[in-house]
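Hi,

Here is the model we talked about, handed over for you to look through. Have a look first, and then read on for what turned up.

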Number of protein chains: 2
Amino acid sequence: MSTTPETYAATERTVPTRSRHRASYDKDLVRSILDEAYVCHLGFVRDGAPVVLPTLFGRVGERLYVHGSTGSRPLRAAGDGVTAPGLPVCLTVTHVDGLVLARSAFHHSLNYRSVVVHGTARQVTDPEELRTALDALVDQVVPGRSADSRPGNAKELAATSVIRLDLDEVSAKVRTGGPDDDPEDLGLPYWSGVVPVRGGYGTPVPADDLDPSVALPGYLASL
Amino acid sequence: MSTTPETYAATERTVPTRSRHRASYDKDLVRSILDEAYVCHLGFVRDGAPVVLPTLFGRVGERLYVHGSTGSRPLRAAGDGVTAPGLPVCLTVTHVDGLVLARSAFHHSLNYRSVVVHGTARQVTDPEELRTALDALVDQVVPGRSADSRPGNAKELAATSVIRLDLDEVSAKVRTGGPDDDPEDLGLPYWSGVVPVRGGYGTPVPADDLDPSVALPGYLASL
């Protein structure tokens, strides 16, 4: 019944230098943007230079888990945050919702929803947490899938690197609506409006070696 | 008629530490992945920490142009590479093509195509190059659109920040095909295969104030 939404505390680096009215720290909004995605772009610093890699992530409450299978040395060296300091990262998730076509080239834009998380990534070393994280990574892609596949065995868990990033220094940014043309351009003879961008799934393609008696599960049919 | 494709020279940081067989330096492949996108994730270092922001880009030959409207201080301070050293960046573009569902949780994966560009970003200061870059940014989103909108005027060009990144240290990474289950898992009773991921566009929505006599242009109807 609260009228005040839960928010993340804004910090110097989560307040954008431009379009501040599009920024939000609302936890529900941040979660909804994260949960519609399963791929993030993870940035870290290697030898003083930035590296940005696409990778899978999963959310469990206020923690994100990122698959460290990139095998990158800095990620492997991140450490558990106790015996090693962890790795400063920036994790970004973006959805494009529409192409915004204005009469003027200058006012062309996108409708989008993005989340940027700053923080320190730590290796997950606790076996129970690792198992929870791996389930979350699979279920982020297809909800319900982890319960309908063979769980990782000891050898696989040992071969899997997962890092954790707490949701603490977080912001969302959202643009919605039509083009913002200047008043003097409204009469120009150019089409103006929004082209919606849609995501979706095609018909699932069974593996060549799938036993034909295995039916398509409901969570895929309804995806 | 050449049988040897043009390639980018591999460097230490464009050779992945894992899944090397998925890496490619083929220029045609890199261009095709870039040209199917208009949003990239741009990484740079600010106060020693990584920052990753989604932003529009356009390609002109072997140059990428990135909209600097993020207003970020490091981007504005990048300089032209002559009087200022420019800004080390990493620009990444990712397409997800399919969800790869294996019998084992461990072998779940994605089919994807990505490009990672490392280099030094420089501010575009030449007015002609700036105009070319802005057209490219608009046409990357909707091919043909820059010729069917009002070009930027002097005031708008002065207010627009664009940075250039040359395609030099570049790699692509691609996964295709079905799941790679272990032989002993093939008989498990879990559905296995690939769910295609599709992108697309909805019906264009005219701006509220669009003159109804302005028809939808062909390049949008065929998008």
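Let's begin with the interface. The contact is made by 77 residues of chain B and 77 residues of chain A. On the chain B side, the elements that each supply at least two residues are strands E2 (39-46), E3 (49-60), E5 (87-101), E6 (109-123), E9 (193-201) and E10 (205-206), together with helix H3 (127-141). E9(B) gives the most to that side, with nine residues. Sorted by class, the side of chain B that touches chain A comes out as 44 nonpolar, 22 polar and 11 charged residues. Do bear in mind that this is a predicted model, and that the interface totals use all residues.

Strand E9 of chain A (residues 193-201) runs antiparallel to E9(B), and five bridges join the two.

Now the symmetry. How do you get chain B onto chain A? A rotation of 180° does it, with 0.0 Å of shift along the axis and an RMSD of 0.0 Å. That is how a two-fold axis relates two copies. Both copies use the same surface, too: 100% of the contact residues of chain B recur in chain A. Which residue of chain B comes closest to the rotation axis? That would be B:Gly199, whose C-alpha is at 2.4 Å.

The other thing I'd point you to is strand E6 of chain A (residues 109-123). Of its 15 residues, 12 are buried, so the strand is largely enclosed by the rest of the structure. Here are its partners within chain A:

- Strand E5(A) (residues 87-101) pairs with E6(A) in the antiparallel sense over 13 bridges; A:Cys90 stands opposite A:His118 of E6(A) there.
- Strand E8(A) (residues 169-175) is joined to E6(A) by seven bridges, again antiparallel, with A:Val116 facing A:Ser171 of E8(A).
- Strand E7(A) (residues 162-166) runs antiparallel to E6(A) and is joined to E6(A) by two bridges; the bridge partner of A:Gln123 in E7(A) is A:Ile163.

Cheers

How values were computed:
Residues are numbered from 1 along each chain as its sequence is written. Chains are lettered from A and ligands numbered from 1 in the order in which they are written. This is a predicted model: local features need pLDDT of at least 70, side-chain atom pairs count only at pLDDT 80 or more; totals for chains, interfaces and linings use all residues. Two residues are in contact if their C-beta atoms, placed from the backbone, lie within 7 Å. Helices (H or I, at least four residues) and strands (E, at least two) are DSSP runs, numbered from the N terminus. Ala, Val, Leu, Ile, Met, Phe, Trp, Tyr, Cys and Pro count as nonpolar, Asp, Glu, Lys and Arg as charged, and the others, Gly among them, as polar. Two strands pair if DSSP finds at least two bridges between them. A residue is buried if 20 or more other C-beta atoms lie within 10 Å of its own, exposed if 12 or fewer, and partly exposed in between; C-beta atoms are placed from the backbone. Copies are superposed by least squares on the C-alpha atoms of residues with pLDDT of at least 70 in both.
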